[in-house]
Amino acid sequence: MDLPPRSMTSSEPSAPLAGAAGEPPAREATIDLRAAHEGAGIEALLAQLDRELIGLRPVKARIREIAALLVVNKARQQLGLDTAPPGLHMSFTGPPGTGKTTVAERMSQILHGLGYLRKGHVVTATRDDLVGQYIGHTAPKTREMLKKAMGGVLFIDEAYYLYRPENERDYGSEAIEILLQVMENNRDDLVVIFAGYKERMDVFYQSNPGLSSRVANHIDFPDYSATELLAIAQLILAAENYRFSEEAQQVFAEYIQRRMRLPFFANARSIRNAIDRARMRQANRLFNGMGTALTKRDLMTIEAEDITASRVFRGELEGVDPAQPLTGTV
């Protein structure tokens, strides 16, 4: 008996379809994350951050994580994947002099390199820049600062001073409401970074839950160790063509330990102030020895006596009248 002809609609597997004129199927689109990372200049900016700031390993690790997320987000968009825009508003908490402003500047450049910000500049503001003294004064002040920051980062230092619940006539809440509105409506053209002491910032966010919900990235900046502060001092000196003598380095290490125990210590900021005063004493010492030929090494070297003359070695703060109470930051 003759068998019926085979049907063309058979369920047997068929060979892959060739492209036009027998060409193989098109390859799936790919993207090179390393090339995207380097092309945006991210690695160079992170390396610069490593050079500029001693220590802060948890902070640098967090910045790298954020940068990685942003690079992958861009890659997803380029390959046609629906991607929710990342939350970019941030909170930097920690004591003064721990590099928060420097990190904000590098973060802005990273966001600009990846195309998240048009300009990548940083505008720094405090309460005085945002809050007015009378009715109708706060809104224009706040909007003016926001206008300056558009396309970049608005860095609000000591942000908790915006909120003063003990004063019913305070206009800080008006500034916060405007910030909330602009942070939401212009999140593709502005990043706001709130900064200040951690304990005060925690209270600030608890009192303003709408603000807290819009801040996706919280980064805590720790105090520097004494060893890290000495390394910071050496970096500052090298950048200005100075150096410690061997004895001066040992004395400055002792200075750091003493200064850390005194009030109003501000980490790297206090170290820079100490270096500036040591340079002044060195200049005075060299000037008083006028008539002696000086070498380049003489002009570069900070000696132990330029440091031990500090009032810190007597348990006092420099720049403060020891007869007066300590009431401000030094």
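## Glu-43 and its partner

Glu-43 is partly exposed in this predicted model. Its relative accessible area is 34%. The side chain of Glu-43 meets that of Arg-64 in a salt bridge, at 3.6 Å from N to O. This pair links distant parts of the chain. Glu-43 sits in helix 2 (residues 42-52), while Arg-64 belongs to helix 3 (residues 57-78).

Salt bridges link Glu-43, Asp-50, Lys-60 and Arg-64 in a network.

## A buried pair

Arg-127 forms a salt bridge with Asp-170. Their closest N and O atoms are 2.3 Å apart. Here too, distant parts of the chain are linked: the residues are 43 apart. Arg-127 lies in helix 5 (residues 127-130). Asp-170 lies in the loop between strand 3 (153-157) and helix 7 (172-185). Both residues, Arg-127 and Asp-170, are buried.

## Helix 7 to a loop

Glu-184 and Arg-214 meet through their side chains in a salt bridge of 3.6 Å, N to O. Glu-184 is in helix 7 and Arg-214 in the loop between helix 9 (209-212) and strand 5 (217-220), so their pairing ties together parts 30 residues apart in sequence. Glu-184 counts as partly exposed at 34% relative accessibility. Arg-214, at 30%, counts as partly exposed as well.

## Overall count

The structure holds 17 salt bridges. Among them are Arg-64 with Glu-43, Arg-127 with Asp-170, and Glu-184 with Arg-214.

Notes:
Residues are numbered from 1 along each chain as its sequence is written. This is a predicted model: local features need pLDDT of at least 70, side-chain atom pairs count only at pLDDT 80 or more; totals for chains, interfaces and linings use all residues. Side-chain values use heavy atoms; hydrogens and water are left out. A salt bridge is a side-chain nitrogen of Lys or Arg within 4 Å of a carboxyl oxygen of Asp or Glu. Helices (H or I, at least four residues) and strands (E, at least two) are DSSP runs, numbered from the N terminus. Buried means under 20% relative accessible area, exposed over 50%, partly exposed in between (1.4 Å probe, protein chains only).
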